[in-house]
Structures are given as C-alpha cells and as structure tokens.
Amino acid sequence: MIDALITGKLLRDPALKTGSSGKPYCNFLLSVPTNDGEYTLVSGIAFGDVAGRLTKLQKGDALSVAGSLKPSEWADKSTGEIKRGLSITVSAALSAYDVKKRRGGESRQSNPAPPSRGYPNYDDALPFRD
C-alpha cells in the first residue's frame, strides 16, 4: 500500500450505504489531473464519520482525500477492454465546505481581528506613532 494525498473532482454523487456490520460507508469516484494533461480515475471508499461528510458533496465538487492507495484493474462492460486506475481507502478528507466551516467558526474566535492601521496588538506600554 502507498500512503497518498489526492485531490480531484467527484464524477458522481457519493451515496451513504450501510455494511453488514451496521457501519456506514460510501463509495466515490474522483477525476484527478496528471502532469501530462490527462486524467486518472481514482475510486475510493470511506467509512464512519468521513463517509457521512462525503455524502453531503455532489458531482463536480473538489475533494482532497488521504489514505492507502493501490492500483486497480477492471474490464470495461461494453468493450471488454482492460482499464487501469487507482483505488484509495480514505482515512481523512477535506473539501471546500470544511474550509468554510473552519474559517467561519473556531478560527475567528481564537484569532481576533488585527487592530486598526495594521499595528500588531502586543498589549504593552510602548506607544506607536502615526
């Protein structure tokens, strides 16, 4: 297995499913650009909370995933041609929606806005001149 971080666009809406153990999972398909201007298909599976977050995304949304990557091979149903791609078992995921939540919530409260005129707020007795 290869540890990987992959960014691409979803080719279809992920759907939440329940395994025989009763745990949630979701399968998804990413289109990932390569250096030569082509695209590689990466199929993925996510479990638990990560799967639940992914199912809120839609076809065309950008997604970054980290996890265990392995090569995959299958026969095209219509032509019988052998196709190759990659498959990832996700351990973590990040989308633009996650970034918006973080910027709008915790980070603003823990990092107050800088003071006016661009001066840092050092809370000391040294005056600054304009």
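Trainee: What should I know before I start reading?

Mentor: Residues are numbered from 1 along each chain as its sequence is written, and side-chain values use heavy atoms, with hydrogens and water left out. This is a predicted model, so local features need pLDDT of at least 70 and side-chain atom pairs count only at pLDDT 80 or more, while totals for chains, interfaces and linings use all residues.

Trainee: How many helices and strands does the protein have?

Mentor: Helices (H or I, at least four residues) and strands (E, at least two) are DSSP runs, numbered from the N terminus. Here there are three helices and six strands, and along the sequence they follow the pattern β-β-β-β-α-β-β-α-α.

Trainee: What share of the residues counts as buried?

Mentor: Buried means under 20% relative accessible area, exposed means over 50%, and partly exposed is in between (1.4 Å probe, protein chains only). Of the 130 residues, 24% count as buried.

Trainee: Which residues is Ser95 in contact with?

Mentor: A contact means heavy atoms within 4.5 Å. Leaving aside neighbours within four places in sequence, Ser95 is in contact with Leu57, Ala62 and Leu63. For the protein as a whole, take the contacts between residues at least 6 apart in sequence: 52% of them join residues at least 24 apart.

Trainee: How many salt bridges does the structure hold?

Mentor: Look for a side-chain nitrogen of Lys or Arg within 4 Å of a carboxyl oxygen of Asp or Glu. The structure holds two such bridges. One joins Glu73 and Arg84, with the closest N and O atoms 3.4 Å apart. Glu73 lies in strand β5 (residues 62–75) and Arg84 in strand β6, so this pair ties together parts that are eleven residues apart in sequence. Glu73 is exposed at 54% relative accessibility, and Arg84 is exposed at 62%.

Trainee: And how far apart are the closest N and O atoms of Lys83 and Asp76?

Mentor: They are 3.9 Å apart in that salt bridge. Lys83 is partly exposed at 32% relative accessibility, and Asp76 is partly exposed at 22%.

Trainee: How do I read an aromatic pair?

Mentor: A pair of aromatic rings is described by the distance of the centres and the angle of the planes. Rings of Phe, Tyr and Trp (its six-membered ring) pair if their centres lie within 6.5 Å; planes under 30 degrees apart count as stacked, over 60 as edge-to-face and the rest as tilted. This structure holds one aromatic pair. Tyr25 and Phe47 form it, 6.5 Å centre to centre with 40° between the planes, which is tilted. Tyr25 is in strand β3 (residues 24–33) and Phe47 in strand β4 (residues 39–47), so the pair ties together parts that are 22 residues apart in sequence. Phe47 is partly exposed, at 44% relative accessible area.

Trainee: Where is Thr79 found, and what does its side chain reach?

Mentor: A polar contact is a pair of N or O atoms within 3.5 Å; within protein, one must be able to donate a hydrogen and the other to accept it, and residues adjacent in sequence count only if both atoms are side-chain atoms. Thr79 is found in the loop between β5 and β6, where its side chain reaches the backbone nitrogen of Glu81 at 3.2 Å. At 54% relative accessibility, Thr79 counts as exposed.
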